[in-house]
Amino acid sequence: MTLDRFRPLVSRVMNPFVNASASVGLTPNAVSVMAFALALGAGIAFSFVDITPWLAMGGSVLVFCNGWLDLLDGALARRLNAASSTGDLLDHVLDRYADIVVIIGLAAGSDRYGLGIAAVTGVLMTSYLGTQAQAVGLDRVYGGILGRADRLALIGITGMLYALVPGRFYELTVIGWLLVLFAVVGHLTAIQRFYHAIAALDG
């Protein structure tokens with residue numbers, strides 16, 4: 001289960017948006033910063049869902065927009081022939097901070113900080129293993145049980161569901177159960193990517 005395999009298809013769909021961004025003078029780095037700002041807004045919105053459940057809907061919209069801009073910055077860099085190590089580093093750093101602020105927001109809004117810590121470490125290790133494979137000479141790994149695109153989609157869907165059904169199920173809200181999923185599956189995905197990298201290196 002990973003939506004990252006559809007990146008080539010999505011890249012073709014994004015062509016009109018890439019053209020529009022280039023025509024107004026947006027740079028890939030500016031898009032990366034905008035994407036992080038949306039993630040920060042989503043994290044803030046999610047942190048108050050226990051007070052106003054409908055904020056989860058706004059957080060979901062911001063998460064979907066963050067994911068879209070995360071695809072746009074890379075496509076724009078390729079279109080403008082502006083891909084660089086600096087831009088790649090900025091994109092990855094902001095993506096990791098985006099993951100952190102959104103999950104912290106989810107944990108704060110559901111008052112489940114322990115689950116939040118377990119979830120954010122799983123997410124960060126998943127991302128780390130994906131890029132560390134490249135650091136040791138392999139291709140960057142996007143696969144596994146849950147990739148970033150999968151996480152963003154699940155956060156968006158769960159936020160919308162929470163806005164409609166904010167109650168608890170076996171002591172946890174749907175957001176709480178999402179944190180459980182990220183905690184468990186995130187670490188399993190990291191282990192899966194680690195095994196893939198070791199097998200490729202030894203092979």
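Is the crossing of H7 and H8 left-handed or right-handed? The crossing is right-handed. The legends below refer to a predicted model.

**View 1. Crossing of helices H7 and H8.** Helix H7 spans residues 148-164 and helix H8 spans residues 174-202. Their axes come within 9 Å and cross at roughly 160°. Angles over 145 degrees count as roughly antiparallel, and H7 and H8 are therefore roughly antiparallel to each other.

**View 2. Residues in the contact of H7 with H8.** On the H7 side, the contact is made by Arg151, Leu154, Ile155, Thr158, Leu161 and Tyr162. H8 contributes Val174, Ile175, Leu178, Leu181 and Phe182. By class, the residues of this contact divide into 9 nonpolar, 1 polar and 1 charged.

**View 3. Salt bridge between Asp95 and Arg148.** The closest N and O atoms of Asp95 and Arg148 are 3.9 Å apart. In the whole structure, a search finds 5 salt bridges.

**View 4. Segments annotated as transmembrane.** An unreviewed UniProt entry carries the annotation "transmembrane region" for residues 21-45, 51-69 and 175-195. In the model, the chain over residues 21-45 is 84% helix and 0% strand, with its end C-alpha atoms 27 Å apart. Over residues 51-69 the chain is 79% helix and 0% strand, and the end C-alpha atoms are 29 Å apart.

Conventions
Residues are numbered from 1 along each chain as its sequence is written. This is a predicted model: local features need pLDDT of at least 70, side-chain atom pairs count only at pLDDT 80 or more; totals for chains, interfaces and linings use all residues. Side-chain values use heavy atoms; hydrogens and water are left out. UniProt positions are given in the numbering used here, feature names are shortened, and annotations may be inferred rather than shown by experiment. Helices (H or I, at least four residues) and strands (E, at least two) are DSSP runs, numbered from the N terminus. Axes are lines fitted to C-alpha atoms, for helices over the stretch in contact, and angles run from 0 to 180 degrees between N-to-C directions. Angles under 35 degrees count as roughly parallel, over 145 as roughly antiparallel, 65 to 115 as roughly perpendicular and the rest as oblique. A crossing is left-handed if the near helix is turned anticlockwise from the far one by less than a right angle, and right-handed if clockwise. Contact means heavy atoms within 4.5 Å. Ala, Val, Leu, Ile, Met, Phe, Trp, Tyr, Cys and Pro count as nonpolar, Asp, Glu, Lys and Arg as charged, and the others, Gly among them, as polar. A salt bridge is a side-chain nitrogen of Lys or Arg within 4 Å of a carboxyl oxygen of Asp or Glu.
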